[in-house]
Amino acid sequence: MMSGNFSDTLTDTAALQTIGDWLRWTYSRFNEHDLFYGHGSDNSWDEACHLVLQALELPWDFDPSFYSSRVTATESVRLAILVRRRIEEKIPTAYLLNKAWFAGMPFYVDERVLVPRSPVAELIANGFQPWLGDAEVTRVMDLCTGSGCIGIACAMAFPEAQVDLLDISPDALEVARINIDQFEFWDRVEAVESDVFSALGHGDDAPKYQVIISNPPYVDAEDMSDLPDEYHHEPELGLASGNDGLDLTRRILREASEYLTDDGILIVEVGNSCYALDEAFPDVPFTWLEFEQGGHGVFLLTAADLKKYLSNF
């Protein structure tokens, strides 16, 4: 891969006149540099399309027959700056554009939150079936919400449900509220500052949820030390979770049953820490979910299982 200062190549952009020119040139420049793709795309072509088309306010399925459309001088300047920053500063494209897509919905993001990339969007689209069965969904919790994308997607999927977005980070909750405003869910979606479940209280007054879904920090200490540069733009608070990546997940397992209805379910993404979780709790019957669109490390437990195996946690 080529290294060094990318700015020397910016004079090339004077010859770029069309959308197709910019896509081809951006793709080539990405291939020359040591970039990591893991924030919405997994290859240099998709990343080039993501950056160029979205920067030009064009849809994902923009008709290639219109790639010959000309780009204005102002648009060219913006594209050049974005490509330079993606290469030189290793900033994920979603942060450069302040936009990330999740469950087919565009969310505002910046470096106060992780870039949405969870496979649980597929579960939401399927209404958490078959695990919910005939349960009426009136309340959903998105724990460790970050941008709010999971909870807001749940609000879209369950139009009668109240959705609570919980996070310990005031900065993350500011971003979540931007997205609540964007989708006009003020009446049904609330962002709550909470250290796991601490803001909810205990006993009879505690709220009960049919679904608690969480994408908590789950990167272990070894993986944190090896993360590509792109991930260092994300808040460490949203990534790191102790030596085995399970510090926060253990708390969730210990406390979640108090906030679930009798027919409720807990869904938690732990990524590569799934192996450590199985090793830590070999007697617990985690249901490891499979995804048609890719992804792994997401488990499901019922409220009954959480109560039955509570002493294990």
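Angles under 35 degrees count as roughly parallel, over 145 as roughly antiparallel, 65 to 115 as roughly perpendicular, and the rest as oblique. This is a predicted model, in which local features need pLDDT of at least 70, side-chain atom pairs count only at pLDDT 80 or more, and totals for chains, interfaces and linings use all residues. Residues are numbered from 1 along each chain as its sequence is written, and side-chain values use heavy atoms, without hydrogens or water.

**View 1. Helices H1 and H2 cross at roughly 135°.** H1 spans residues 19–32 and H2 residues 44–55. Helices are DSSP runs (H or I, at least four residues), numbered from the N terminus. The two axes (lines fitted to C-alpha atoms over the stretch in contact, with angles from 0 to 180 degrees between N-to-C directions) come within 9 Å. H1 and H2 are therefore oblique to each other.

**View 2. H1 packs with H3 at about 15°.** H3 covers residues 73–88, and the axes of H1 and H3 lie 11 Å apart. That makes H1 roughly parallel to H3. Contact means heavy atoms within 4.5 Å. On H1, Trp22, Trp25, Thr26, Arg29 and Phe30 make the contact; on H3, the partners are Ser76, Leu79, Ala80, Val83, Arg86 and Ile87.

View 3. A cavity is a set of points on a 1 Å grid over the protein atoms alone where a 1.4 Å probe fits but cannot get out; lining residues have an atom within 4 Å of a point. The volume of the largest cavity is about 30 Å³.

Methods: Helices (H or I, at least four residues) and strands (E, at least two) are DSSP runs, numbered from the N terminus. On a 1 Å grid over the protein atoms alone, a cavity is a set of points where a 1.4 Å probe fits but cannot get out, and a pocket is an open set with protein on both sides within 12 Å along at least five of seven lines; lining residues have an atom within 4 Å of a point. Grid points are joined across faces, edges and corners, and a volume is the space filled by probe spheres set on the points.
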